[in-house]
Amino acid sequence: MKPAPFRYHSPGTLDEALALLAEHGAGAKVLAGGQSLGPMMNMRLAQPDALVDINAIAGLDYVREHEKTIEIGALTRHHAIATSPLVRAACPLLAEAARQIGHYAIRQRGTIGGSLAHADPAAQFPLACATLGAEITAAGAGRTRTIAASEFFLSLMSTALEPEEIIVSVTLPKAPTSEGQAYVQFSRRRGDFAIVALAATVRPDAGGHIDQVRLGVGGATDRPMVLAELADCTRGEKADSGWAARLAKAAYDAVAPIDTPRVPAEFRRELVHVLTRRVLVTALERARR
Ligand SMILES: Cc1cc2nc3c(=O)[nH]c(=O)nc-3n(C[C@H](O)[C@H](O)[C@H](O)COP(=O)(O)OP(=O)(O)OC[C@H]3O[C@@H](n4cnc5c(N)ncnc54)[C@H](O)[C@@H]3O)c2cc1C
């Protein structure tokens, strides 16, 4: 299928892109990697009047290190994130999640900004960013604002972004050396979207007890869920397989997944149970290493 007619703009600066978005309002769409927008336009699920292609704007494709954080430009491709030595060292969960996005060709074009703006509840980056406590920076006409990932995803493919805003970067905390991180997912075939995915960070203390845990679930509901209270309740417990099994059962009880014709809710709940245990054990093993 072919998309409906649209006007194409390729601004050379962020200011020009923002001015175009302000001019066209909700009728315009930002084009980044085109790996979600392209298929949606071809299927006529999206029919923008104008496309504002941000690929010619310099300075949106980078991974930078700060004292306690790393900052990733919105146009950074999935492949660059998956293979960046800096991301792999400072934020291993994000790199591990990036490696599992779709297929090689998609990872070569797709961008982190596009993935976050698209907000597919089964996508890897929204889950990883929500779990890690990332901050998303968006530029609008005359202002820039930072939105916590926990407040960014509102529901299925819906975010706190205004139509005239462009995501410019994402900032994530660097993992301390005592922390283990892991991302696991279940999909029917390699390269398919996850049916359910789990992300976790685990920080045991010197005595082998849980100091801090972050646990996120993707694919089960209309947006990534961070089970902060459940995880916090286990602080002080002995960090072992029994702890992982108890937290996995608590996650199974807490998550009420969506029911779809091809994937019943109970199947998703079972996946939450199995994958939570798996992601916690893996993160714990990595923390011990
Ligand atoms: C066959 C196939 C399999 C896939 N499998 C997976 C998968 O397993 N996991 C996964 O996560 N994704 C998957 N994807 C989607 C892929 O990761 C996309 O790259 C991603 O969802 C969107 O990024 P993009 O840069 O291509 O954005 P685009 O397609 O260009 O844009 C997507 C949306 O985001 C908006 N947007 C883009 N950039 C910005 C920005 N900087 N600021 C504001 N709005 C912006 C656009 O206007 C549009 O609404 C798959 C895609 C295909 C075609």
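User: Why is glutamate 237 called partly exposed?

Analyst: Its relative accessible area in this predicted model is 25%. Buried means under 20%, and exposed means over 50%. The value for glutamate 237 falls in between, so the residue counts as partly exposed.

User: What makes glutamate 237 and arginine 246 a salt bridge?

Analyst: The N to O distance between their side chains is 2.9 Å. The cut-off is 4 Å, from a side-chain nitrogen of Lys or Arg to a carboxyl oxygen of Asp or Glu. The pair is within that limit, so the contact is called a salt bridge.

User: Is arginine 246 buried, partly exposed or exposed?

Analyst: Arginine 246 is partly exposed, at 48% relative accessible area. Exposed would need over 50%.

User: Which residues form a network of salt bridges?

Analyst: Arg143, Arg145 and Glu165 do, through salt bridges that share partners. The structure holds 11 salt bridges.

User: How do you know that glutamate 96 and arginine 286 link distant parts of the chain?

Analyst: Look at where they sit. Glutamate 96 is in helix α5 (residues 92-99), while arginine 286 is in helix α12 (residues 265-288). They are 190 residues apart. Their side chains still meet in a salt bridge, at 2.9 Å from N to O.

User: Why is glutamate 96 called buried, and arginine 286 partly exposed?

Analyst: Glutamate 96 has a relative accessible area of 11%. That is under 20%, so glutamate 96 is buried. Arginine 286 stands at 30%. That lies between 20% and 50%, so arginine 286 is partly exposed.

User: What makes glutamate 179 and arginine 203 a salt bridge, and where do they lie?

Analyst: Their side chains meet at 3.0 Å, N to O. That is within 4 Å, so the pair qualifies. Glutamate 179 lies in the loop between β10 and β11 (180-186), and arginine 203 lies in strand β12 (residues 196-204). The two are 24 residues apart.

User: How do you know whether glutamate 179 is buried or exposed?

Analyst: Its relative accessible area is 9%. The limit for buried is under 20%, so glutamate 179 is buried.

User: What makes the contacts of glutamine 185 polar contacts?

Analyst: The side chain of glutamine 185 is 2.7 Å from that of glutamine 124. A polar contact of 2.7 Å also joins the side chains of glutamine 185 and tyrosine 183. Glutamine 185 lies in strand β11. Glutamine 185 is buried, because its relative accessible area of 17% is under 20%.

User: What makes up the shell around the ligand?

Analyst: The ligand is surrounded by 30 residues, with Val30, Ser36, Leu37, Thr111 and Gln124 the closest. By class, 14 are nonpolar, 13 polar and three charged. Helix α7 gives the most, with five residues. Domain 1 (7-53) and domain 2 (63-173) each provide at least three.

Definitions and conventions. Residues are numbered from 1 along each chain as its sequence is written. This is a predicted model: local features need pLDDT of at least 70, side-chain atom pairs count only at pLDDT 80 or more; totals for chains, interfaces and linings use all residues. Side-chain values use heavy atoms; hydrogens and water are left out. A residue is near a molecule or strand if one of its heavy atoms lies within 4 Å of it. Helices (H or I, at least four residues) and strands (E, at least two) are DSSP runs, numbered from the N terminus. Ala, Val, Leu, Ile, Met, Phe, Trp, Tyr, Cys and Pro count as nonpolar, Asp, Glu, Lys and Arg as charged, and the others, Gly among them, as polar. Domain bounds come from an automatic or database domain assignment. Buried means under 20% relative accessible area, exposed over 50%, partly exposed in between (1.4 Å probe, protein chains only). A polar contact is a pair of N or O atoms within 3.5 Å; within protein, one must be able to donate a hydrogen and the other to accept it, and residues adjacent in sequence count only if both atoms are side-chain atoms.
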